[in-house]
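My entries follow the display.

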Amino acid sequence: MSAMSDPLLDGLQQHLAAGGNVQDALAGLAQSELGQTDPALGLLSQFLARREQTLERDLEVQENEEDRLEARARLEEVRRLEEARQLEEAQRQERRRARLERLRLRLEELEDDLAACQARLDELALALGACPSCWGEDAGCRLCRGRGRPGFLRPDPEAFRRWIVPALPEREGSPPTGGAAAPERTAL
Ligand SMILES: [Zn+2]
């Protein structure tokens, strides 16, 4: 074995000293006169060269595998982030939808309240003989031209009984009859 090792080492050292890597050195050695003149040494050199190629290939495969795993891990992370983002977006949409629904219901309530207030105000204007549009506060009012304060019109008897009479002292609690019984301010 030692008789074979020395020429091999010498050959390797020569090739390495000339520059280049081990693989090239071994391949060169296998082609060299030394390799050709000693078949066993040539075979060993070829074997070592192939072995190194195999190891480099294995290493390359392993590195590729590690790259692949790393890329897959990154992809998984991106997917997780995307799923989390989508979930958050869906929750945000749901909160917005619920808020809009609450606002819509609230708006409906307010519209109902406003309609009820408007209806009561109209009835009160009837009871007081006031302009239902401006109550005499708008000189540009098409109905009364600003003259529609309470008493401007003959109070509606039914509305008067319902809204005004309960607030009057006992003796004054009789509903107006016709235009003659209109409240005093009508005379103004
Ligand atoms: Zn008016």
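How many of the 188 residues of the protein chain count as buried, in percent? I get 13%, where buried asks for 20 or more other C-beta atoms within 10 Å of a residue's own, exposed for 12 or fewer, partly exposed lies in between, and C-beta atoms are placed from the backbone.

I note that this is a predicted model, with pLDDT of at least 70 needed for local features and 80 or more for side-chain atom pairs, while totals for chains, interfaces and linings use all residues. Numbering runs from 1 along each chain as its sequence is written.

I looked up secondary structure and found five helices and zero strands. Helices are DSSP runs of H or I of at least four residues, strands runs of E of at least two, numbered from the N terminus.

I checked α4, which has 90 residues and spans 130 Å from first to last C-alpha, close to the expected 134 Å. The expected span is 1.5 Å times one less than the number of residues. Seven of the 90 residues of α4 are buried, so α4 lies largely in the open. Among them are Leu41, Ser45 and Ala49, and also Ala125. Gly129 follows α4 with a positive phi, near 70°.

The core holds 10 residues, including Ala125, Cys144 and Phe160. Helix α4 gives the most to this core, with four residues.

Definitions and conventions: Core = buried A, V, L, I, M, F, W, Y, C linked by C-beta atoms within 7 Å.
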